[in-house]
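Me: I have a structure open on my screen and would like to talk it through. Could we go over it in questions and answers?

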Amino acid sequence: MPDEIIRLVDISKEYNGTEALKNINLCIHRNEFVTLLGPSGCGKTTTLRIIAGFEYPSSGYVLFEGVNINDVPPYKRKVNTVFQKYALFPNMNVEENIAFGLKVKKMDKKLIKSKVASILELVNLSGFEKRSVDSLSGGQQQRVAIARALVNEPDILLLDEPLAALDLKLRKDMQIELKNMQKRLGITFIYVTHDQEEALTMSDTVVVMKDGSIQQVGTPEDIYNEPQNAFVADFIGESNIIDGIMIHDFLVEFDNQKFECIDKDFGTNTPVDVVIRPEDIKIVPENEGMLKGVVKSVTFKGVHYEMIVESQSKYNWMIHSTLMEPVGTVVGLNILPNDIQIMKKGDK
Amino acid sequence: MLIFIVAPLVLVAFYSLTVQTEEGIRFTFENFVRFFKPIYLMVLLRSMWLAIISTFICLLIGYPAAMILAEKGFNRKKTMLLLMILPMWMNFLLRTYAWMTLLERKGLINSLLGFLHLPQLDLMYNNQAVIFGMVYNFLPFMILPIYSVLSKIDHSIIEAAEDLGANSFIIFRRIIFPLSLPGVMSGITMVFMPAVTTFVISRLLGGGQFTLIGNLIEQQFLLTGDWNFGSAISTIMMIIILLSMGVMSKYDKEHEGGGLW
């Protein structure tokens, strides 16, 4: 690809004998918003730190525009990082913090001043130049950290869970702001988070990681609708994962029922994982359903109700619906072939 | 509090402002005026000078030592800290006497030199010996505050600087050193104050021929029995120390905020 900017080739990383990363291969394009998503300890931050140059891979290499940059120290890479705890310099005010990178490059003072002013405008902090960083709120510190990185006009901006310390409302606002900034500036963003919703909202490409290896790479829609294994399905949004038997192409059995589906090429009578999103299960009158069950619990979640329905074979289905059925009601459940996702048996 | 801190201070102030005459006690500033004679001022100057040099040497040795200690991957940290603190458990006098036996004309070092057929050295009873004694005794007071400040610096701040293009020299000059200043300041204060008032080190290693302000005060109380003059010198010293601390913390404030003043 002509617009490839970073390529990780067979990257592995060991810490004292334990493998933090196993054979990571990943290609990131110019102007792409890529999110590394996974539970804590999955190696996403380590991957980011290898790209930034703070960690040296145990094997494999990082290509920047086709050139191996393994031995290039962090301060010579055209990459800037926004740290999780912002890591602002406490001995400097807002302006000095942002100007640090430019001063190090010995840029002309006037130019620095105008650049700082325009970047502060971008992050909505004009007028904060002389404020000490301690006097800022979390959201403001966060913006300073972003401005401090962006002012250097990096080719790639690395963000290590930059919104983790903010409250929900502010986090949502910042997500949109960050996404807009990225579009406007045309910089590649590599974003690390454990928040699947954040990943789906902001990214062009989501990289789902677990135990140091990549599980799936794809657009948010792909990842959500076509999870490649039970882990991804479980991690991205909520889902019902149930053991099933693929009887033959387009027919699967689970919960003691046979269902039509749209998947094939699993062979005959193969054990599989069946994934069904809670919002894809329709509640119908008792006799019209493919499955029958008793409502065990109802929780109000704001937009929808979350109900647990126990089927006859004692499987607890999680269902999201805007309509509520009282606890104890016997209901029927319908699932469309399109909404049944079949996956090879794997480790969950 | 009242008994231990205020009462002695009041007593010192009282003594310093009075003289004993045949008619009884008389209030006067004589004691203070007496101090401003060249001979006493010279003693003050010499004390300050030696203390400044020792403090400076402590800083020169202490800062790098603190940096090595605060180094993240330094795995003998505990041992080093223990070695540094260990001498402080021993009596200060004993340690200084121990150095006497090492440095003496017929001490261990000179014997060793003699054994190697090297010329003997005059290691004691001079300025260098006094400075050496001060540096030896007060060095931990320089290292520990700097170490504690350095080890509290968030490593991600250093990574951030590196990320923004700073090499290690710039990181030290613009980030680490400014952030460690509060530690440096308290280190300087903690070394300078005992150094300027010490009388044990100057008497033992300086051999009494190097009268420092501490010795002068001691003499007034123990030898000449002139408590009034002794108190006056003490008061002057206290004011000098208070002033210098004030200057320090004012400087400190610009960077940190808070402090004594």
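Predicted model: local features only at pLDDT ≥ 70, side-chain atom pairs only at ≥ 80, totals over all residues.

Me: Is Val208(A) buried or exposed?
Reply: Val208(A) sits in strand β9 of chain A, which spans residues 205-210. A residue counts as buried if 20 or more other C-beta atoms lie within 10 Å of its own. Because Val208(A) has 25 C-beta neighbours inside 10 Å, the class for this residue is buried.

Me: Thanks! How many Å apart in space are Val208(A) and Thr35(A)?
Reply: Along the sequence, 173 residues separate Val208(A) and Thr35(A). Leaving aside neighbours within four places in sequence, the contacts of Val208(A) include Leu37(A) and Gly38(A), along with Ile223(A) and Phe235(A). From C-alpha to C-alpha, the distance between Val208(A) and Thr35(A) is 8.2 Å.

Me: Now the domains: how far apart do the C-alpha centres of domain 1 and domain 2 of chain A lie?
Reply: The domain assignment of chain A places domain 1 at 4-230 and domain 2 at 238-344. Between their C-alpha centres the distance is 39 Å.

Me: And which element gives the largest share of the side of chain B that touches chain A?
Reply: Let's start with the contact itself, which takes 16 residues from chain B and 17 residues from chain A. On the chain B side, the elements giving two or more residues are α8 (155-163) and α9 (168-197). The largest share, six residues, comes from α8(B).

Key:
Residues numbered from 1 in each chain as written. Chains lettered and ligands numbered in written order. Domains from an automatic or database assignment. Contact = placed C-beta atoms within 7 Å. Helix = DSSP H or I, 4+ residues; strand = E, 2+ residues; numbered from the N terminus. Buried ≥ 20, exposed ≤ 12 C-beta atoms within 10 Å, placed from the backbone.
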